[in-house]
Amino acid sequence: AAHHFSLVQEFIRSNPQSQEAFQQAQLILPGGNTRSVLNATPFPLSIESAQDAFVTSVDGKRYLDFVSDFSAGLFGHSHPEISHAVETAVNYGFSLGAVTRKEAKLASTIQERFVSIEQIRFCNSGTEANIYAIATSMAFTKRSKILVFSHGYHGGVLSFGAGNQALNIPHDFAIGVFDNIEKTRSLISRDLAAILVEPMQSAGGMRVASREFLSFLRTAADETGAILIFDEVVTSRLHYNGLQGYHGIKPDMTTLGKYLGGGLPFGAFGGREDIMSQFNPTSSISSESKLLQHSGTFNNNVFTMSAALAASKIVTPEEIQRINNLGDRLRERGNQISHEAGFGSELMIIGFGSCVGLYFANDPDGILRDCFYFSLLRAGIMIGRRGFLMLNFAHTDVLIERTLVALQDCIGVIQG
Ligand code: PLP
């Protein structure tokens, strides 16, 4: 605790401009920012600029960035090809209120990756994508109950115990225990419209669902007529064909977002053609089905479509595998370092591929987690405050080695 106190004091002393920015912002923005996930004690670092794998704060300090915009920053900052696409779009007019050829092209690049997606629609965030997927499955099944899971996070208004801000849309939710077949079985019923699950919980702490659990949900959906929705907003970065491809399990619908928009605001929901054709005014949907509306001024906005198309060329199976390997190395070597220092029962490094989570076993108040956060900052490394490292294409072997050295130093210092 004494160590924690001195780390916080040092943080305050070395970041006067961030503190000042926070105090000013608080006067007008409740909490001093407009993303609750960025709330931080004593105040968050204010970032001035970023390039490749690094961010620079308003206090002029440069950090190796492992936040990677909560996984959306898959390409590193200001990737030249994405920047070029956005700069080009500026010159062709960007508030068109019209169909362009870009959206169908983008849809094809996504369809090529995810075999379960026969048709797709775009929106502006992962939250929106999940709300639409839920509404779509309710319309399709004419049922209202949705099965979700403990610690699941599907957006600001669809949060089931991941983080402490629960502001949920009114809905008929049944909450199963994540990755636990026995404790979920009793919730499977014929009144379920949908089963909504993350193949790996991200905000919930990088907890990977077993293949058995996901297959159980596939069978449960088949038996009850519920729509199985995989939220791959984060996990689609872990395999070229998503975790659905990795496991060989085909959901009825998939929600996407984050990096697939090239770092710009993005969401998408798609899946079986018979479900998605509810949105098609020219389709011969059955007489008892209604035509569904999905509008949105910015659904096909030119900047996102352009950035996403450029990004789709950069996302290759090889690059995904390369950073998954970097993540594996961080986990293996990091756990070894922690173990050798006699710290193995306190800190476990978990996750899957490029999504790395720090799990502190005996740390109810988050003191130890904060000590790691502030010690790593002092070493010029910025991780996610709640204890995660998201790898991106700007990360290299050398940067990972540097991070492992810093981790070893931190453990040494924290142990005193
Ligand atoms: N689904 C998952 C699994 C997420 O992790 C997130 C965001 O963190 C969302 C949905 C919501 O996406 P957005 O922040 O774009 O609304």
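## Close-up views of a predicted model

**View 1. Around the ligand, helix H5 leads the way.** Helix H5 (residues 126-141) gives three residues to the shell around the ligand, the largest share. Helices here are DSSP runs of H or I with at least four residues, strands are runs of E with at least two, and both are numbered from the N terminus. In total, 16 residues surround the ligand, and the closest are Ser-125, Gly-126, Thr-127, Gly-155 and Val-233. To count as near, a residue needs its C-beta atom, placed from the backbone, within 6 Å of the molecule or strand in question. Sorted by class, this shell holds five nonpolar, nine polar and two charged residues. For that sorting, Ala, Val, Leu, Ile, Met, Phe, Trp, Tyr, Cys and Pro are nonpolar, Asp, Glu, Lys and Arg are charged, and the others, Gly among them, are polar.

View 2. Residue numbers start from 1 along each chain as its sequence is written. The chain has a mean pLDDT of 95, and 98% of its residues reach 70 or more; pLDDT is the predictor's confidence in each residue, from 0 to 100. For the complex, the predictor gives an ipTM of 0.99 and a pTM of 0.97.

View 3. Where they meet, 19 residues of domain 1 are in contact with 15 residues of domain 2; contact means C-beta atoms, placed from the backbone, within 7 Å of each other. On the domain 1 side, the elements giving two or more residues are helix H10 (317-340), strand S15 (347-352) and strand S16 (355-360). That side of domain 1 divides into ten nonpolar, eight polar and one charged residue.

**View 4. The largest nonpolar core.** What you're looking at is a set of 100 residues, and those with the most contacts inside it are Ala-194, Ile-195, Ile-227, Ile-229, Ala-268 and Met-382. Domain 1 and domain 2 both give residues to this core, so it lies between them. A nonpolar core is a set of buried Ala, Val, Leu, Ile, Met, Phe, Trp, Tyr and Cys residues joined through C-beta atoms within 7 Å. Buried means 20 or more other C-beta atoms within 10 Å of a residue's own, exposed means 12 or fewer, and partly exposed is in between, with C-beta atoms placed from the backbone. Zoom in on Ala-268: leaving aside neighbours within four places in sequence, its contacts are Ile-110, Ile-120, Arg-121, Phe-122, Cys-123, Ala-129, Leu-256, Gly-257 and Leu-260.

View 5. Most residues other than glycine have a negative phi, and most peptide bonds are trans. Now check Thr-41 to Pro-42: the peptide bond is cis, with omega near 0°. Pro-42 sits in the loop between helix H2 (16-26) and strand S1 (47-51). Ser-68 has a positive phi, near 45°, and is found in the loop between strand S3 (62-65) and helix H3 (80-90). Ser-68 counts as buried because 29 other C-beta atoms lie within 10 Å. Asp-179 also has a positive phi, near 60°, in the loop between strand S8 (172-176) and strand S9 (192-197). With 20 other C-beta atoms within 10 Å, Asp-179 is buried.

View 6. Met-348 lies in strand S15 and is partly exposed, because it has 17 other C-beta atoms within 10 Å. Met-348 and Phe-360 are twelve residues apart in sequence, yet their C-alpha atoms are 6.4 Å apart. Not counting residues up to four places away in sequence, Met-348 touches Asn-335, Tyr-359 and Ala-361. Over in helix H4 (residues 102-113) you'll find Gln-111, partly exposed with 15 C-beta neighbours inside 10 Å. The C-alpha atoms of Gln-111 and Ile-367, 256 residues apart along the chain, are separated by 44 Å.

Notes. This is a predicted model: local features need pLDDT of at least 70, side-chain atom pairs count only at pLDDT 80 or more; totals for chains, interfaces and linings use all residues. Domain bounds come from an automatic or database domain assignment. Two residues are in contact if their C-beta atoms, placed from the backbone, lie within 7 Å.
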